[in-house]
Amino acid sequence: MKAIMAVTGLCLIGFLLMHMFGNTKLLLPDNGAEFNEYSHYLRRFLYPIVPPMWFLWAFRVFLLACIVLHMWSAAQLTGRKSRNVGGARYANKKNMESSFAARTMIWSGIILVLGLVMHLLHYTAQVLRPGYAAGVTDLDPFHRVLAGFSEWWVVLAYLVFMIAVCTHIFHGCASAFMTLGANVSAGSRKTLKSLSAIIAILLFIGFMVPPVMILTGVIGR
């Protein structure tokens with residue numbers, strides 16, 4: 001269970017880093033041309049080897065499987081812990097579970113899942129359309145992002161979501177590597193904790209800069 005949680009967690013962190021890199025294209029002074037091209041490219045990735053959207057859907061299924069397995073293993077380990085069977089959720093509990101991030105992993109995970117659902121309904125399915133002008137039913141990816149983050153409460157909700165994500169990662173990333181055997185010395189533990197902090201801070205800054213710049217009018221003027 002711990003290995004499944006660790007591997008799926010690291011896969012999801014890798015996705016977040018890639019997603020953050022894609023979002024940096026919002027900062028380019030080209031009125032969204034590069035960001036729209038990037039979004040279009042993802043839908044046609046590996047074409048004509050495979051039909052359009054096939055890779056994207058396969059990748060979505062893979063991510064969904066990672067999320068389900070991660071949540072399932074977390075629930076299994078939490079249940080075992082409550083029954084005092086099977087030990088700690090992570091390797092090296094003594095070293096890792098003293099921080100605020102460690103103690104709030106379940107709550108940050110719940111916020112993360114709820115925020116992810118809202119994010120998908122907003123920007124992927126477009127069921128939620130805050131910021132859309134009256135009568136507008138569809139926008140290109142760049143203007144979809146502009147419309148959403150032009151609302152202060154959307155940015156605030158996104159801030160809460162990203163705090164939960166990065167708090168979760170701050171503890172989870174180091175725990176995952178330790179569970180998979182990287183905890184070989186006190187020095188390695190310190191390095192892994194530092195790496196987790198760097199990744200969490202990088203993701204927080206990378207994901208929050210575009211929404212703040214949109215809300216303040218720096219992007220989309």
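How do the residues of the lining of the second largest pocket divide into nonpolar, polar and charged? They split into 13 nonpolar, three polar and no charged. Here Ala, Val, Leu, Ile, Met, Phe, Trp, Tyr, Cys and Pro count as nonpolar, Asp, Glu, Lys and Arg as charged, and the others, Gly among them, as polar.

A quick word on the ground rules. This is a predicted model, where local features need pLDDT of at least 70, side-chain atom pairs count only at pLDDT 80 or more, and totals for chains, interfaces and linings use all residues. Residues are numbered from 1 along each chain as its sequence is written, and side-chain values use heavy atoms, with hydrogens and water left out.

**The pocket**

The second largest pocket has a volume of about 300 Å³ (the space filled by probe spheres set on grid points that are joined across faces, edges and corners). Of its 16 lining residues, Met118, His119, Val154, Ala157 and Tyr158 are the closest to its centre. A pocket, on a 1 Å grid over the protein atoms alone, is an open set of points where a 1.4 Å probe fits, with protein on both sides within 12 Å along at least five of seven lines; lining residues have an atom within 4 Å of a point. Helix 6 (105-124) and helix 8 each supply at least two lining residues, and helix 6 gives the most, with seven. Helices are DSSP runs (H or I, at least four residues), numbered from the N terminus.

His122 also belongs to helix 6. His122 and Pro211 sit 89 residues apart in sequence and 14 Å apart in space, C-alpha to C-alpha.

**The patch**

The patch covers about 610 Å² and is made by Ile111, Trp152, Trp153, Leu156, Val160 and Leu215. Patch residues have over 30% relative accessible area and no salt bridge, and nonpolar side chains (Val, Leu, Ile, Met, Phe, Trp, Tyr) are joined within 5 Å. Areas come from the Shrake-Rupley method with a 1.4 Å probe.

**The salt bridge**

The count comes to one salt bridge (a side-chain nitrogen of Lys or Arg within 4 Å of a carboxyl oxygen of Asp or Glu). Glu34 and Lys25 make it, at 3.8 Å, N to O.

**Burial**

Buried means under 20% relative accessible area, exposed over 50%, and partly exposed in between (1.4 Å probe, protein chains only).

| Residue | Relative accessible area | Class |
|---|---|---|
| Glu34 | 34% | partly exposed |
| Lys25 | 15% | buried |
| Leu156 | 45% | partly exposed |
| His122 | 6% | buried |

Key
Patches are made of residues with over 30% relative accessible area and no salt bridge: like charges are joined within 9 Å, nonpolar side chains (Val, Leu, Ile, Met, Phe, Trp, Tyr) within 5 Å.
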